[in-house]
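Good morning, and thank you for coming.

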Amino acid sequence: MSATAEDPPTTATATTTATTAGTATATATALAAAVEERVTARVVTDDPLYRKIPVALRFAAAEPLAVRIVFPAGLSPEGTDNEWVFPRALLEAGLQGPSGTGDVRVWPCGRAQAVVEFHSPEGVAVIQFDSAALRRFLRRTYAAVTRSA
């Protein structure tokens with residue numbers, strides 16, 4: 001005979017199990033509402049050859065108005081991931097026409113590319129993305145908010 005059959009859980013144990021299951025469900029829902037897309041972008045410089053870099057595009061339903069672009073630690077002088085957080089609407093508008101006046105600016109570059117320009121005290125970084133990848137990411141962010149609502 002199993003231990004469960006001999007010693008059924010007490011009310012406190014059953015409540016703890018139910019609470020744990022509820023927490024697990026909430027965590028799973030939050031994770032399902034998170035979107036991450038890994039893309040390859042290009043650093044725009046004076047050099048005729050582009051330098052390709054891996055970039056993570058991130059979105060969390062807990063912050064439905066924001067998106068994040070994360071550059072790998074190898075690109076940072078500090079050796080840490082470099083994360084930029086800015087309005088999702090800015091990214092969306094920048095795929096249609098020039099958008100942004102602050103630290104992040106986005107504009108279309110031809111029919112298939114978009115440029116995101118990042119301004120910091122250390123300088124300016126100009127990164128080119130495939131527009132299709134950014135649009136796919138945006139579609140997934142809107143689907144995640146709908147799912148979690």
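Some remarks on the source are needed. This is a predicted model, in which local features need pLDDT of at least 70 and side-chain atom pairs count only at pLDDT 80 or more, while totals for chains, interfaces and linings use all residues. Residues are numbered from 1 along each chain as its sequence is written, and side-chain values use heavy atoms, with hydrogens and water left out.

Let me turn to confidence. The mean pLDDT (the predictor's confidence in each residue, from 0 to 100) of the protein chain is 80, and 75% of its residues reach 70 or more. Over residues 1–30, however, pLDDT stays under 50. For that stretch the model has two contacts (heavy atoms within 4.5 Å) beyond four places in sequence.

Next, the fold. The protein chain has four helices and seven strands; these are DSSP runs numbered from the N terminus, helices being H or I with at least four residues and strands E with at least two. From the N terminus on, the order is α-α-β-β-β-β-α-β-β-β-α.

The seven strands form an open sheet in the order 4-3-2-1-7-6-5, with antiparallel pairing; two strands pair if DSSP finds at least two bridges between them. Strand 4 (82–87) and strand 5 (104–109) stand at the edges with a single partner strand each, so one side of each has no neighbour in the sheet. Strand 5 pairs with strand 6 (residues 113–120) over six bridges. Valine 104 has phenylalanine 118 in strand 6 as its bridge partner.

What, then, lies in the interior? The largest nonpolar core has 30 residues, and Val55, Ile69, Phe118 and Phe129 have the most contacts inside it. Such a core is a set of buried Ala, Val, Leu, Ile, Met, Phe, Trp, Tyr and Cys residues joined through side-chain atoms within 4.5 Å. Buried means under 20% relative accessible area, exposed over 50%, and partly exposed in between (1.4 Å probe, protein chains only).

Finally, glutamine 128 belongs to strand 7 (residues 123–130). Glutamine 128 is buried, with a relative accessible area of 7%.
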